[in-house]
Amino acid sequence: MRSFQQIPELRTHLNALREEKLVIGFVPTMGALHDGHIALIRRAVTECDRTVVSIFVNPIQFGPGEDFDRYPRDLAQDSRICQEEGVDALFVPAVGEMFPSADGDGPAESPTRVHVPALEDILEGAARPGHLSGVTTICAKLFNIVQPRRAYFGQKDYQQLIAIQRMVADLCMPITVVPVATVREPDGLALSSRNVYLSPEERPRAVALSAALKEGERLYAAGERNADTLREAVRDVLVRAGLSAIEYIEVADPRTMVRLNHIDDEAVLLAAVRIGALRLIDNVLLGITLNQHLRRL
Ligand code: AMP
């Protein structure tokens, strides 16, 4: 595996691969890699000739007062994981490489931003102003640098996945976006780099988020199609578990993310809660599998 900090060197390396007609797969991450990231990497390594992983804690997707400075970073361990998983190239740019106008290591404003307006003011977009365009902007930049044929994203960050799919389609980027199912702990908690912030007291409560969504899944499987009923059932499980800081519980169209009152056939059920200083998000698909979802988008 080769490691790159500079854009021109990575480009030279990847241009040579493209000349050999090799299919390049790309997994963008913020590092502190866990089994969720590894699932994306394994899928890419299986489906592509060469896999590129980027590790970049992207300042423009963090809001003021969020955890940019404290975000977990462990490059030595991440590098070992990528090497073991058969990654061809690891791209670890400094903030100044991605944002030449940046002031030191601090959050930088990108002069040009990519927006997906339909998704920016709802759910994660509403809770974290600027976050979603921070993600689409950095992914557009990384896509232009890496020029992958396929790019891998987790279902865990569902709205981000849909925003990237929309951006790629709307801007005619020649990239297939591949969604990968959420990897969970045995008790259901979705893996996240930020789970390390959970204290031993908070950890059992965090499980209630996936349990609540599972209850929604159970009701849907039993025939419930009223979105309010599903939202209330999810809320009940969360509140009973002592999770009262609920940011949203939503039932939405899985492609547009528009709120649904009634589920005709398929939906995505999403929730965001706060536990102490930590914000947890999770989602489940109802009436549609991730593979069907990929085909129909
Ligand atoms: P992050 O490093 O948190 O920006 O995540 C990088 C990629 O890994 C994104 O596409 C995430 O959706 C994905 N990811 C994070 N956690 C999980 C998980 N538990 N299961 C599957 N994919 C994940």
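**Helix α1**

I began with helix α1 and noted that its face turned away from the buried side carries the exposed residues T12 and E19; here buried means under 20% relative accessible area, exposed over 50%, and partly exposed in between, with a 1.4 Å probe and protein chains only. I then listed the buried residues of α1, which are I7, L10, H13, L14 and L17. They cover an arc of only 135 degrees around the axis, which puts them on the same side of α1, the arc being that of the directions from the helix axis to the C-beta atoms. I recalled that an α-helix has 3.6 residues a turn, so residues three or four places apart point the same way.

Before going on I wrote down that this is a predicted model, in which local features need pLDDT of at least 70 and side-chain atom pairs count only at pLDDT 80 or more, while totals for chains, interfaces and linings use all residues. Residues are numbered from 1 along each chain as its sequence is written, and side-chain values use heavy atoms, with hydrogens and water left out.

For naming, helices (H or I, at least four residues) and strands (E, at least two) are DSSP runs, numbered from the N terminus. I checked the length of α1: its 13 residues, 7–19, should span 18 Å at 1.5 Å a residue, and its end C-alpha atoms are 18 Å apart, which agrees. The expected span is 1.5 Å times one less than the number of residues.

**Helix α8**

I looked next at α8 and found that 10 of its 13 residues are buried, so this helix is largely enclosed by the rest of the structure. Among the buried residues of α8 are Y158, L161, I164 and V168. Just after α8, I saw that C172 takes a positive phi of about 55 degrees.

**Two loop residues**

A32, in the loop between β2 and α2, has a phi near 50 degrees and counts as buried at 16% relative accessibility. L123 sits in the loop between α5 (117–120) and α6 (124–127); its phi is near 50 degrees, and at 12% relative accessibility L123 counts as buried.

**T46**

I turned to T46, which lies in helix α2 and is exposed, with a relative accessible area of 67%. A polar atom of the T46 side chain lies 2.6 Å from the backbone oxygen of R42.

**The ligand**

Finally I asked which residues are closest to the ligand. A nitrogen atom of the ligand is 2.8 Å from a polar backbone atom of V183. The protein covers 93% of the 480 Å² of accessible area that the ligand has on its own, by the Shrake-Rupley method with a 1.4 Å probe. Of the elements, α2 gives the most to the shell around the ligand, with three residues.

Key
Near = heavy atom within 4 Å. Polar contact = N/O pair within 3.5 Å; in protein donor to acceptor, adjacent residues only side chain to side chain.
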